[in-house]
Amino acid sequence: MTSAPTAPTVLPDQKKIGMVSLGCPKALVDSERILTRLRADGYAFAEDYAGADVVLVNTCGFLDSAKEESLAAIGEAIAENGRVIVTGCMGEEADAIRAVHPQVLAVTGAHQYEQVVEAVHTHAPPSQGPFVDLIPQPDIKLTPRHYSYLKISEGCNHSCAFCIIPALRGKLASRRIDAVLREAEKLVAAGTKELLVISQDTSAYGVDIRHDSRQWKGREVRAHMTDMARELGQLRTPEGHAPWVRLHYVYPYPHVDQVIPLMAEGLLTPYLDIPFQHASPKVLKLMRRPANEAKVLERLKSWRAICPDIAIRSSFVVGFPGETEEDFRYLLDWLEEAQLDRVGAFRFEPVEGAAANALPDQVPEAVKEERYARTMEVTERISAAKLAAKVGRTLPVIIDEVGEPDEDGDIGATGRSQADAPEIDGAVYLRNVPASLAPGDIVNVTIEDADAHDLFGALA
Ligand code: SF4
């Protein structure tokens with residue numbers, strides 16, 4: 001089960017909820033919201049299946065492999081506890097779930113917070129204890145306290161051929177800018193040192209609400225990525241430091257150019273997560289990708305001229321229907337030229353309901369496998385060279401974990417540089433740190449060694 005939010009005190013007849021959270025950071029944010037709401041309704045949380053009155057499984061339904069994982073998790077929760085409510089992306093396919101697991105108590109879809117909470121109320125009615133609602137508590141977080149995901153919108157207005165997110169999650173629905181900033185401010189005041197801005201399409205934030213302006217700290221602020229980035233850059237931790245602010249899922253629309261100077265000024269973490277997915281104009285067109293324009297390489301150069309330390313992460317799909325050897329070579333050449341810092345590669349996998357499934361010229365599995373291996377070879381070589389160039393430099397590192405002393409009394413720690421987002425990028429391994437070092441500390445580290453993914457060093 002998801003390591004549960006700790007309930008400080010459990011009242012005698014308080015109902016306990018178990019939670020299994022699968023899928024992407026966006027699903028994790030949904031789990032946090034559901035749990036926060038349930039706690040406000042008087043529920044406590046179980047650390048294991050046995051202690052739960054009901055188990056919630058927040059599923060992912062993006063790829064067929066994710067659906068299998070979701071069904072397996074539901075099966076495990078039924079075997080271990082028996083009383084299971086399913087929610088999340090795969091909840092849109094209630095029939096498929098019930099066909100395999102007819103015992104589930106209820107199935108609700110993504111973002112149907114009200115329905116999930118209602119289902120919990122039906123199957124495990126909350127205790128009516130007199131003290132339950134009186135003590136205000138901070139929102140529940142499933143991520144470590146020192147970093148938090150900040151979800152700015154739901155859904156997406158695009159229709160990429162391989163993706164069913166718009167069908168699952170609907171059209172773009174942006175949150176009000178003041179609500180986003182208030183949440184960010186609250187998180188930073190509660191100890192968050194790193195904010196990870198997420199959505200399906202961060203550059204499109206506010207398009208659906210016509211970039212509606214709101215008053216924030218006596219200023220008019222628009223629901224727009226650049227305004228939001230500038231305001232997030234003004235936040236300060238209780239110790240007076242600027243939190244790291246990372247932008248994820250940014251499509252290279254022209255206004256992205258405006259956030260690069262904010263990175264150079266230190267207001268934003270010099271990091272951009274741009275899911276390019278391919279480089280060949282022909283394949284991008286087949287994929288129906290947004291912001292598919294030819295000048296990306298030139299823009300990468302100009303961004304690096306403004307902010308030399310900017311780290312660019314991206315993901316790519318190989319073996320998309322219609323991708324020829326020539327298209328694939330175009331991608332490899334583009335990668336050599338682009339010199340991206342972090343790359344995730346995926347073999348194309350048909351997703352039930354996606355338009356790409358019906359495209360002609362599907363690529364055989366063996367060819368996908370071979371192209372994947374070639375992509376990894378190029379991107380790992382580039383990553384190794386980029387990381388090797390950091391040896392000898394002193395970089396700020398945020399600490400994620402501090403170990404126990406070994407037989408010589410040395411303590412190791414794991415952290416991340418500004419080029420590394422949690423869960424998806426590399427790590428910085430530190431030797432010989434003081435026992436007083438704690439997760440969330442931001443320290444200067446001298447880099448002593450590097451491999452293809454990670455850095456190694458010691459406190460400067
Ligand atoms: S931009 Fe494309 S891949 Fe991303 S969520 Fe929207 S449709 Fe899916």
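This note goes through a predicted model of a protein, from the whole chain down to single residues.

1. Overall dimensions. The protein has 460 residues and a radius of gyration of 23 Å, which agrees with the value near 23 Å for a compact globule of that length. Along the principal axes, the C-alpha atoms fill a box of roughly 65 × 55 × 55 Å.

2. Surface and interior. Of the 460 residues, 52% are buried. The protein exposes about 20,100 Å², and carbon and sulfur atoms supply 52% of that area. Among contacts between residues at least 6 apart in sequence, 72% join residues at least 24 apart.

3. Secondary structure. The protein has 12 helices and 20 strands. The points that follow take up some of the strands and their pairings.

4. The five-stranded open sheet. Its strands come in the order E2-E1-E3-E4-E5, and their pairing is parallel. Strand E2 (44-45) and strand E5 (106-107) are the edge strands, each pairing on one side only. Strand E4 (residues 84-88) runs parallel to E5 and is joined to E5 by two bridges. Across this pair, isoleucine 85 of the chain stands opposite alanine 106 in E5.

5. Strand E9 and its neighbours. Which strands flank E9 (residues 194-198)? Strand E6 (residues 147-151) pairs with E9 in the parallel sense over five bridges, and strand E12 (residues 244-247) runs parallel to E9 with four bridges between them. Serine 148 has leucine 195 in E9 as its bridge partner. Valine 197, in turn, stands opposite leucine 247 in E12.

6. Burial of E9. Five of the five residues in E9 are buried. In a regular strand, side chains alternate between the two faces of the sheet. In E9 both faces are covered: Glu194, Leu196 and Ile198 are buried on one side, and Leu195 and Val197 are buried on the other. A reader checking the list will note that Glu194 is among the buried residues.

7. Strand E16 and its partners. Strand E16 (residues 394-402) runs antiparallel to strand E19 (residues 442-450), with five bridges joining them. E16 also pairs with strand E17 (residues 413-417), again in the antiparallel sense and over five bridges.

8. The ligand shell. Which residues are around the ligand? They are Cys156, His158, Cys160, Phe162, Cys163, Ile165, Pro166, Gln200, Tyr251 and Arg289. By class, the shell divides into seven nonpolar residues, two polar and one charged.

9. Serine 315. This residue is in strand E14 (residues 311-318). Is serine 315 buried or exposed? Its relative accessible area is 14%, under the 20% limit, so serine 315 counts as buried. Neighbours within four places in sequence aside, serine 315 is in contact with Ile274, Pro275, Phe276, Gln277, Gly344 and Phe346.

10. Alanine 358. Alanine 358 lies in the loop between strand E15 (342-347) and helix H12 (365-388). With a relative accessible area of 70%, alanine 358 is exposed.

11. Aspartate 361. Aspartate 361 is in the loop between E15 and H12, where alanine 358 also lies. The relative accessible area of aspartate 361 is 58%, over the 50% limit, so aspartate 361 counts as exposed. Its phi is near 60°, a positive value in a residue other than glycine. Most residues other than glycine have a negative phi.

12. Arginine 210. Arginine 210 is placed in the loop between E9 and strand E10 (213-216). With a relative accessible area of 76%, arginine 210 is exposed, whereas the residues of E9 itself, five of five, are buried.

Technical notes. Residues are numbered from 1 along each chain as its sequence is written. This is a predicted model: local features need pLDDT of at least 70, side-chain atom pairs count only at pLDDT 80 or more; totals for chains, interfaces and linings use all residues. Side-chain values use heavy atoms; hydrogens and water are left out. A residue is near a molecule or strand if one of its heavy atoms lies within 4 Å of it. Ala, Val, Leu, Ile, Met, Phe, Trp, Tyr, Cys and Pro count as nonpolar, Asp, Glu, Lys and Arg as charged, and the others, Gly among them, as polar. The radius of gyration is taken over C-alpha atoms; the globule rule is 2.2 Å times the number of residues to the power 0.38. Buried means under 20% relative accessible area, exposed over 50%, partly exposed in between (1.4 Å probe, protein chains only). Contact means heavy atoms within 4.5 Å. Accessible areas come from the Shrake-Rupley method with a 1.4 Å probe; for residues, only the protein chains shown count as cover. Two strands pair if DSSP finds at least two bridges between them.
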